[in-house]
Amino acid sequence: MTPLHFDPSGPATSDGIFGLPHSEQEARVVLLPVPWEATTSYRRGTAKGPKTILEASRQVDLYDHETGRPYEAGIYLLPEDPDIVAWNREASELALPIIEHGGANGDADLLAKLSWVNQISARTDERIYERCKGLLDQDKLVGVIGGDHSTPFGLIRALAERHQGLGILHIDAHADLREAYEGFDRSHASIMHNVHEAIPEIGKIVQFGIRDLCEAEAVMSRQSPRIETFYDADTARRKLEGELFADLAAEAIAALPSTVYVSFDIDGLDPTLCPTTGTPVPGVLSFHEACALLRLLAKSGRTIVGFDLNEVGPGEWDGIVGARMLY
């Protein structure tokens, strides 16, 4: 319940996300920040994403023309886990020479570092899983705020245990179907491969906005009945030929089952909206197209049981866009 003294039209007077005064107990929506970027393979900084979003969120007006007053349900951002902060620092230092060499490539020292990074990554996933499982037991709607795109694996695993046949709407510039990229078996480039292979309860992964992938990822997408990819090039071509974006988005949503998790990599947006993200790629979505996709998903009658927002870079503009996309 929102306190009586709280003025949603006034300036933020609370340190909470969006300037909201809710406690974890009061909030219906609980956000788990995961400042993790150990395997980031290009530009670093996404570990600062949760703080960047938090700072920008206090400038977001709480009344929303489309959805009204979503804040009234209560939204709370948990503190960053100091263990994960420390693990990220350790794993990032170990991973850097491996990334610089494009993998361990048989080097004994790099192989030892690689093994340790993979162990720390697994430990982080387990911590996120246990934390999310506890929140779900309290009937919270949970969202993971990354960090890189490897971060939501634990939440997806916890939700899949509760929702057999769970679908994932994956919004991204990248397919993220690589196996152990650069040797990191929990790479940001492998999240959907790992979900597909390690969480059999997942019924369908529907990818939207994909415009950067290797041939092995394209083959996996074609061959798996549990993956359906809507490529950005096809969407752009059909729009240029006169089709409506709403119709194209509806095709993707129609491929999803009745219960859905949303995994949102900010680089799925036009890179002018996320210029400091780790691996920007030219193309769409526009901000309004992304909102339309989510709006159509909500109006489809499907139940959204969880979500993540990840790969928000440390730039001020990235935080502004990320905070509004989150809200």
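Analyst: What follows is a short tour of selected features in this predicted model.

User: Start with helix packing. How are two packed helices described?

Analyst: Two numbers do it: the angle between the axes and the distance between the axes. Take helix α1 (residues 49-57) and helix α10 (residues 316-326) here. Their axes are 8 Å apart and meet at an angle of about 80 degrees. Angles of 65 to 115 degrees count as roughly perpendicular, so α1 is roughly perpendicular to α10.

User: Which residues of α1 and α10 make the contact?

Analyst: From α1 come Thr52, Ile53, Ala56 and Ser57. From α10 come Gly319, Ile320, Gly322, Ala323, Arg324 and Leu326. By type, the residues of this contact are five nonpolar, four polar and one charged.

User: How many of the residues of α1 are buried?

Analyst: Buried means under 20% relative accessible area. Seven of the nine residues of α1 are buried, so the helix is largely enclosed by the rest of the structure. The buried ones are Gly49, Pro50, Thr52, Ile53, Leu54, Ala56 and Ser57. Their cover includes β1, β2 (75-77), β3, β8 (303-310) and α10.

User: And which residues of α10 are buried?

Analyst: Asp318, Gly319, Val321, Gly322, Ala323, Met325 and Leu326 are buried in α10. They pack against β1, α1, β3, β7 (259-265), α9 (287-299) and β8.

User: Next, the nonpolar cores. Which residues of the largest core touch the most other members?

Analyst: Ile168, Val195 and Ile202 do, in a core of 48 residues. At least two residues each come from β1, α2 (82-100), α3 (108-137), β3 (141-146), α4 (153-162), α5 (191-198) and β5 (204-210). Helix α3 gives the most, with nine residues. There is also a second, separate core of 45 residues, which includes Val206, Phe230, Val260 and Val262.

User: Zoom in on Ile202. What does Ile202 touch?

Analyst: Leaving out residues up to four places away in sequence, Ile202 touches Ile156, Ala160, Leu166, Ile168, Val195 and Arg226. Leu166 lies in the loop between α4 and β4 (167-171). Its relative accessible area is 0%, so Leu166 is buried. Beyond four places in sequence, its contacts include Leu159, Glu201, Lys204, Pro257, Tyr261 and Val305.

User: How do I read an aromatic pair?

Analyst: Read the distance of the centres and the angle of the planes. The whole structure holds four aromatic pairs. In one of them, Phe208 and Phe245, the ring centres lie 6.0 Å apart and the planes stand at 85 degrees, so the pair is edge-to-face. It links distant parts of the chain: Phe208 sits in strand β5 and Phe245 in helix α8 (residues 245-254), 37 residues apart.

User: Now the backbone. Where is there a cis peptide bond?

Analyst: It joins Gly146 and Gly147, with omega of about 20 degrees. Gly147 is in the loop between β3 and α4.

User: Which residues have a positive phi although they are not glycines?

Analyst: Phe18 is one of them, with phi of about 60 degrees. Phe18 is placed in the segment before β1, and at 3% relative accessible area it is buried. Glu182 is another, with phi of about 55 degrees. Glu182 is placed in the loop between β4 and α5. At 16% relative accessibility, Glu182 counts as buried.

User: Let me finish with Glu24 and Thr40. Buried or exposed?

Analyst: Glu24 is in the segment before β1 (29-34). Its relative accessibility is 16%, so Glu24 counts as buried. Setting aside residues up to four places away in sequence, Glu24 touches Val30, Tyr76, Leu78, Arg131, Leu135 and Lys140. Thr40 lies in the loop between β1 and α1. At 4% relative accessibility, Thr40 is buried.

Notes. Residues are numbered from 1 along each chain as its sequence is written. This is a predicted model: local features need pLDDT of at least 70, side-chain atom pairs count only at pLDDT 80 or more; totals for chains, interfaces and linings use all residues. Side-chain values use heavy atoms; hydrogens and water are left out. Helices (H or I, at least four residues) and strands (E, at least two) are DSSP runs, numbered from the N terminus. Buried means under 20% relative accessible area, exposed over 50%, partly exposed in between (1.4 Å probe, protein chains only). Contact means heavy atoms within 4.5 Å. Axes are lines fitted to C-alpha atoms, for helices over the stretch in contact, and angles run from 0 to 180 degrees between N-to-C directions. Angles under 35 degrees count as roughly parallel, over 145 as roughly antiparallel, 65 to 115 as roughly perpendicular and the rest as oblique. Ala, Val, Leu, Ile, Met, Phe, Trp, Tyr, Cys and Pro count as nonpolar, Asp, Glu, Lys and Arg as charged, and the others, Gly among them, as polar. A nonpolar core is a set of buried Ala, Val, Leu, Ile, Met, Phe, Trp, Tyr and Cys residues joined through side-chain atoms within 4.5 Å. Rings of Phe, Tyr and Trp (its six-membered ring) pair if their centres lie within 6.5 Å; planes under 30 degrees apart count as stacked, over 60 as edge-to-face and the rest as tilted.
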